[in-house]
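This report goes through one model, shown below.

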Amino acid sequence: MPSSPTSVLVVGATGGIGRRVVAAAQRHGLDVRALVRDPARAERLLPGADLVPGDLEKPDTLHPAVSGVDAIVFTHGGNGSPDAARRIDYGGVAAVLHALDGRTPRLALMTSIGVSRRGAYGGSTGQLLDWKRRSERLVRASGAPYTIVRPGWFDAVGAGDDRLVLEQTDTGNGGIGRDQLAEVLVRSMLTDTAVGRTFELFAEAGPAPTDWSGLFGALTPDRPGALDALGDPATLPPVAEEPPAVQDDLARLAG
């Protein structure tokens, strides 16, 4: 199993989840690097982080950000439109993974519940989830040790909802606090039993976890070499039915 990282790059660091991941990683003693488009703006949002300029839509700008880090946490996202999902939600993962040039740091990817429920959501929501699902496939194809977290509805939690529920069927529904999600993303990089797991994340009434190794270890790893998560339906499209650009990205990463 991989050793615990000492340095981490946060992608989407100035967003609502990303800022919390930066803070959580700092609390755990990690050297935090933040990928930002505007360092001057980010300086007040991310005190203490190493701010590295780069743009997910300009792959040539990403090499300094990924150079030398032990781990990467993806918390970025577009504006919810299908085009932004293609360019940023998916495209950002592809660009960062290609910028690694074959290196395999620890990866933690935030996507969403519902990514494997094809047909359950119509219109732009369904297309957004399709692109997030494709980004998951890239991470699994990369050969890097990974954890993929599919959070429930942000902040749909109440006082005392501190017990974390991790599921692997992508059929559940529920909420999760943003701080809870950030802590899970960081803990997943620091806990060997989280490697190779994909799970949905919710919170319910009860105590906060104390045994993180046991929490992640109760999950079943994804099948070695599989592009989809353990509990995903067999009806997901094969690679041959993905858009040509996705097929090319998968081939480059697998090669």
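Which residues line the second largest pocket? The model, which is a predicted one, gives this list: Arg140, Gly143, Ala144, Pro145, Tyr146, Val195, Gly196, Asp222, Arg223, Pro224, Gly225 and Ala226.

## The second largest pocket

The space in this pocket comes to about 170 Å³. By class, its lining has 6 nonpolar, 3 polar and 3 charged residues.

One of the lining residues is Tyr146, which belongs to strand β6. Is Tyr146 buried or exposed? Its relative accessibility is 9%, so Tyr146 counts as buried; the cut-off for buried is under 20%. Beyond its neighbours within four places in sequence, Tyr146 is in contact with Leu107, Val139, Arg140, Ala194, Val195, Gly196, Arg197, Thr198 and Asp222. Among these contacts, Arg140, Val195, Gly196 and Asp222 also line the second largest pocket. Tyr146 and Val73 are 73 residues apart along the chain, and 9.8 Å separates their C-alpha atoms.

## The largest pocket

The volume of the largest pocket is about 790 Å³. Its lining is made up of 33 residues, and those nearest its centre are Gly12, Thr75, His76, Gly77 and Ile88. Two or more lining residues come from each of α1 (16-27), β2 (31-36), α2 (39-45), α5 (123-141) and β7 (153-154). Helix α5 gives the most, with 4 residues.

How do the residues of this lining divide by class? There are 15 nonpolar, 12 polar and 6 charged residues in the lining of the largest pocket.

## The sheet

Eight strands are arranged in an open sheet: the 8 strands follow the order β3-β2-β1-β4-β5-β6-β10-β8, and their pairing is mixed. The edges are held by β3 (50-53) and β8 (163-167); each has a single partner strand, so one side of each has no neighbour in the sheet. From one strand to the next, the twist averages 25°.

Strands of a sheet are paired through backbone hydrogen bonds, in a parallel or an antiparallel sense. Both senses can be followed here through particular pairs. Strands β1 and β2 are parallel and share 5 bridges, with Leu9 opposite Arg33 in β2. The pairing of β4 with β5 is also parallel, over 4 bridges, and Ile72 has Leu107 in β5 as its bridge partner.

## Covered strands and packed helices

How many residues of β5 are buried? The count is 5 of 5, and the strand is mostly covered. Arg106, Ala108 and Met110 point one way from β5, while Leu107 and Leu109 point the other way. In β2, 5 of the 6 residues are buried, so β2 is largely enclosed by the rest of the structure.

Helix α5 lies across β5 (106-110), β6 (146-151) and β10, at about 165° to β6. Helix α6 (178-190) packs on the sheet and touches β1 (7-11), β4 (71-74), β5, β6, β8 and β10. The direction of α6 makes about 155° with that of β5.

## A cavity

The structure holds 1 cavity of 30 Å³ or more, and the volume of the largest cavity is about 40 Å³. Which residues line the largest cavity? They are His76, Asp89, Leu109, Met110, Thr111, Lys132 and Ser135. The elements that give two or more residues to this lining are β5 and α5. By class, the cavity lining has 2 nonpolar, 3 polar and 2 charged residues.

## Two residues with positive phi

Most residues other than glycine have a negative phi. Asp101 has a positive phi, near 55°. This residue lies in the loop between α4 (82-99) and β5. Asp101 has a relative accessible area of 62%, so it is exposed.

Asp155 is not a glycine either, and its phi is positive at about 70°. Its place is in the loop between β7 and β8. With 42% relative accessibility, Asp155 counts as partly exposed.

Terms used
Residues are numbered from 1 along each chain as its sequence is written. This is a predicted model: local features need pLDDT of at least 70, side-chain atom pairs count only at pLDDT 80 or more; totals for chains, interfaces and linings use all residues. Side-chain values use heavy atoms; hydrogens and water are left out. On a 1 Å grid over the protein atoms alone, a cavity is a set of points where a 1.4 Å probe fits but cannot get out, and a pocket is an open set with protein on both sides within 12 Å along at least five of seven lines; lining residues have an atom within 4 Å of a point. Grid points are joined across faces, edges and corners, and a volume is the space filled by probe spheres set on the points. Ala, Val, Leu, Ile, Met, Phe, Trp, Tyr, Cys and Pro count as nonpolar, Asp, Glu, Lys and Arg as charged, and the others, Gly among them, as polar. Two strands pair if DSSP finds at least two bridges between them. Axes are lines fitted to C-alpha atoms, for helices over the stretch in contact, and angles run from 0 to 180 degrees between N-to-C directions. Contact means heavy atoms within 4.5 Å. Buried means under 20% relative accessible area, exposed over 50%, partly exposed in between (1.4 Å probe, protein chains only).
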